[in-house]
Amino acid sequence: MMIELKNVSKWYGQFQVLTDCSTDVSKGDVMVICGPSGSGKSTLIKTVNGLEPIQKGQIIVDNIAVNDPKTNLSKLRARIGMVFQNFELFPHLSIRENLTIGQIKVLGRGADEANAKGLKYLDRVGLLSQQDKFPGQLSGGQQQRVAIARALSMDPIAMLFDEPTSALDPEMINEVLDVMVGLAQEGMTMMVVTHEMGFAKRVANRIVFMDQGKIIEDCSKDDFFTTTRSDRARDFLAKII
Ligand code: ADP
Ligand code: MG
């Protein structure tokens with residue numbers, strides 16, 4: 001098991017945002033997490049690399065207990081790629097520097113190695129020619145592809161995506177999804193919060209549906225789209241498809 005959540009509960013002050021959430025991700029799994037706005041998807045995915053602490057339960061990533069105070073979270077985070085809705089590139093650094101800074105500062109790689117690795121992934125997302133530009137000079141879809149290349153440059157054991165296409169203009173969504181489909185087909189372990197059900201149908205093997213901080217469905221893709229499921233998941237799907 002690569003990622004395991006056991007009876008995870010979390011509160012923001014008095015407000016319980018996650019209630020008794022359990023699931024697991026094996027190597028090579030592509031899990032799509034969906035559900036209404038405010039259901040706790042972002043919070044759940046951020047607990048996996050310790051960006052959000054939990055008050056109850058246990059999270060284990062690659063045999064490391066994330067919520068153990070003795071765990072070195074920055075070391076763990078270096079091994080898990082995370083891609084957010086709003087790209088979060090460093091605006092004052094060139095694309096090439098965005099790709100190398102984490103490798104140099106966090107992984108201790110030399111500049112040459114970091115450059116080679118960064119450019120390999122920049123090429124892979126089709127943006128090698130953009131290496132000397134700054135994030136503000138690229139389109140949203142291009143920035144998100146750079147963000148994915150940056151995460152891959154760290155040689156992650158798994159990738160977490162939080163609505164990676166929801167801030168993009170429609171014509172740019174596919175260029176980002178295509179990169180993600182390629183990753184999934186190569187066997188990358190992925191947890192993806194998205195409402196892109198076309199993506200889910202193509203490459204997910206697991207679907208989690210959340211509502212009000214609870215995991216309501218956790219099943220194979222085929223079960224989710226074909227067999228009976230909860231009224232809430234059915235209502236949700238009817239609205240978005
Ligand atoms: P989703 O990603 O499914 O839209 P979130 O995980 O972002 O849901 O949020 C779940 C709930 O927790 C929402 O009601 C949201 O308002 C609340 N919430 C999120 N972040 C915080 C925070 N830092 N402090 C207090 N409440 C928060
Ligand atoms: Mg969210």
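Residues are numbered from 1 along each chain as its sequence is written, while chains are lettered from A and ligands numbered from 1 in the order in which they are written. Because the model is predicted, local features need pLDDT of at least 70 and side-chain atom pairs count only at pLDDT 80 or more, whereas totals for chains, interfaces and linings use all residues. Helices (H or I, at least four residues) and strands (E, at least two) are DSSP runs, numbered from the N terminus.

Which residues surround ligand 1? The shell consists of Tyr12, Phe15, Val17, Gly35, Ser37, Gly38, Ser39, Gly40, Lys41, Ser42 and Thr43. A residue is near a molecule if its C-beta atom, placed from the backbone, lies within 6 Å of it. By class, the shell around ligand 1 has three nonpolar, seven polar and one charged residues. In this scheme Ala, Val, Leu, Ile, Met, Phe, Trp, Tyr, Cys and Pro count as nonpolar, Asp, Glu, Lys and Arg as charged, and the others, Gly among them, as polar.

Strand β2 (15-25) and helix α1 (41-48) each supply at least two residues of this shell. Helix α1 gives the most, with three residues.

Six of the eight residues of α1 are buried, so α1 is largely enclosed by the rest of the structure. A residue is buried if 20 or more other C-beta atoms lie within 10 Å of its own, exposed if 12 or fewer, and partly exposed in between, with C-beta atoms placed from the backbone. The buried residues of α1 are Lys41, Thr43, Leu44, Ile45, Thr47 and Val48. After α1 comes Gly50, which has a positive phi near 75°.

Axes are lines fitted to C-alpha atoms, for helices over the stretch in contact, and angles run from 0 to 180 degrees between N-to-C directions.

| Helix pair | Axes come within | Crossing angle |
|---|---|---|
| α5 and α6 | 8 Å | roughly 15° |
| α3 and α5 | 8 Å | roughly 30° |
| α4 and α5 | 9 Å | roughly 140° |

Angles under 35 degrees count as roughly parallel, over 145 as roughly antiparallel, 65 to 115 as roughly perpendicular and the rest as oblique. The axes of α5 and α6 (residues 170-185) cross at roughly 15°, which means that α5 is roughly parallel to α6. The crossing of α5 and α6 is right-handed. A crossing is right-handed if the near helix is turned clockwise from the far one by less than a right angle, and left-handed if anticlockwise.

In this pair, Gly140, Gly141, Gln144, Arg145 and Ile148 of α5 meet Met172, Glu175, Val176 and Val179 of α6. Four nonpolar, three polar and two charged residues make up the contact of α5 with α6. Two residues are in contact if their C-beta atoms, placed from the backbone, lie within 7 Å.

The axes of α3 (residues 95-105) and α5 cross at roughly 30°, so α3 is roughly parallel to α5. This crossing is right-handed. Ile95, Asn98, Leu99, Gly102 and Gln103 in α3 meet Val146, Ala149, Arg150 and Ser153 in α5. The contact of α3 with α5 has four nonpolar, four polar and one charged residues. Residues Ile95, Asn98, Leu99, Thr100 and Gln103 of α3 are buried, and what covers the buried residues of α3 includes α4 and α5.

The axes of α4 and α5 cross at roughly 140°, which makes α4 oblique to α5. The crossing of α4 and α5 is right-handed. From α4, Lys117, Gly118, Tyr121, Leu122 and Arg124 meet Ala149, Leu152 and Ser153 of α5. By class, the contact of α4 with α5 divides into four nonpolar, two polar and two charged residues.

**Single residues**

Asn7 is in strand β1 (residues 3-12) and has a phi near 50°, a positive value in a residue other than glycine. Asn7 is exposed, with 12 other C-beta atoms within 10 Å.

Asp155, in the loop between α5 and β7 (158-162), has a positive phi of about 50° although it is not a glycine. Asp155 counts as partly exposed because it has 13 C-beta neighbours inside 10 Å.

Gly126 sits in the loop between α4 (111-124) and α5. Gly126 is partly exposed, with 14 other C-beta atoms within 10 Å. The C-alpha atoms of Gly126 and Thr43 are separated by 31 Å, and the two residues are 83 residues apart along the chain.
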